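Please look through the structure shown below before reading on. The paragraphs that follow go through its side-chain contacts and its pockets.

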Amino acid sequence: MNLITSVEVLADIIRQGGVIAYPTEAVWGLGCDPFNEASVRRILTLKDRPESKGLILVAGAKQQLTPWLQALDATSAARLVSHNDIPTSWVVPDRTITPSWVRGEHQSVAIRLSQHQPVQRLCAAYDGVIVSTSANPAGLSPAMSAEEVHAYFGDKIDAIFQAPLGMASQPSQVRDILTDTLFRA
């Protein structure tokens, strides 16, 4: 098990096309560079997830969301960068910023501004958003520990971020940025 504590080393792995596992607010996630098609396809294969479903992106700071913020009205932009008691991924209209292999069949992308410090540190070291999808093959429960990540994926991922899991009781809710409609509680 390749446990790494350095966010700089993890960011380099992502930049080089690697796939990592990292602790999110509630469960372990798999992450990569969303603009690297081969890396994203590797995650889809690991999870046995169809591309058509799309993937969530996570940011650690407001400035990493600039391309999407610029495309939103003031109310929607405020929602995207708001601090919520429950981790929230917002479905944002997007036809040109995020690649189709991340958006899937949608003309939108789900994005979360994380309040979890390890995710914030990782995104800061990477200097951008990364893919954030639960660390589990389709049909199995999301990993709740580095050991579970390793049991699911073994050496098929490049590194596991040794950091604490957040205190949220469930993965992020998913809401529409324009209407506030709840898609996933």
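Is Phe 153 buried or exposed? The model is predicted, and in this model Phe 153 has a relative accessibility of 4%, so Phe 153 counts as buried. The cut-off that matters here is 20% relative accessible area, under which a residue is called buried. Tyr 152 has a relative accessibility of 26% and therefore counts as partly exposed. These residues also meet through their rings. The structure holds 1 aromatic pair. In that pair the ring centres of Tyr 152 and Phe 153 are 6.0 Å apart and the planes stand at 70°, which means that the pair is edge-to-face.

Charged side chains come next. Side chains of opposite charge can pair when their charged atoms come close. The count of salt bridges comes to 6. One of them joins Glu 51 to Arg 41, with 2.4 Å from N to O. Glu 51 sits in the loop between α2 (37-47) and β4 (56-59), while Arg 41 belongs to helix α2, and the two are 10 residues apart. Glu 51 has a relative accessible area of 27% and is partly exposed. Arg 41, at 34% relative accessibility, counts as partly exposed. This pair belongs to a network of salt bridges that links Glu 37, Arg 41 and Glu 51.

A salt bridge is formed between Asp 158 and Arg 42, whose closest N and O atoms are 2.9 Å apart. Asp 158 is partly exposed, with 29% relative accessible area, and Arg 42 counts as partly exposed at 26% relative accessibility. Another salt bridge links Arg 175 and Asp 180, where the closest N and O atoms are 3.6 Å apart. Asp 180 is partly exposed, its relative accessible area being 31%.

Rolling a probe the size of a water molecule over the atoms shows where empty space is left. What is the volume of the largest pocket? The value is about 720 Å³. This pocket is lined by 36 residues, and the closest to its centre are Arg 49, Gly 54, Ile 56, Val 174 and Arg 184. At least two residues of the lining come from each of α5 (100-103), β6 (108-113), β7 (130-134) and β10 (182-184). The largest share, 4 residues, is supplied by β6. Sorted by class, the lining has 16 nonpolar, 12 polar and 8 charged residues.

The second largest pocket has a volume of about 180 Å³. Its lining consists of 17 residues, and those nearest its centre are Glu 25, Asn 84, Ile 86, Pro 87 and Gln 115. Here β5 (88-93) and β6 each contribute at least two residues to the lining. By class there are 7 nonpolar, 7 polar and 3 charged residues in the lining of the second largest pocket.

A last point concerns the record. An unreviewed UniProt entry carries the annotation "domain: YrdC-like" for residues 4-185. In the model, the end C-alpha atoms of residues 4-185 are 32 Å apart, and the span is 29% helix and 22% strand.

Conventions:
Residues are numbered from 1 along each chain as its sequence is written. This is a predicted model: local features need pLDDT of at least 70, side-chain atom pairs count only at pLDDT 80 or more; totals for chains, interfaces and linings use all residues. Side-chain values use heavy atoms; hydrogens and water are left out. Rings of Phe, Tyr and Trp (its six-membered ring) pair if their centres lie within 6.5 Å; planes under 30 degrees apart count as stacked, over 60 as edge-to-face and the rest as tilted. Buried means under 20% relative accessible area, exposed over 50%, partly exposed in between (1.4 Å probe, protein chains only). On a 1 Å grid over the protein atoms alone, a cavity is a set of points where a 1.4 Å probe fits but cannot get out, and a pocket is an open set with protein on both sides within 12 Å along at least five of seven lines; lining residues have an atom within 4 Å of a point. Grid points are joined across faces, edges and corners, and a volume is the space filled by probe spheres set on the points. Ala, Val, Leu, Ile, Met, Phe, Trp, Tyr, Cys and Pro count as nonpolar, Asp, Glu, Lys and Arg as charged, and the others, Gly among them, as polar. UniProt positions are given in the numbering used here, feature names are shortened, and annotations may be inferred rather than shown by experiment. A salt bridge is a side-chain nitrogen of Lys or Arg within 4 Å of a carboxyl oxygen of Asp or Glu.
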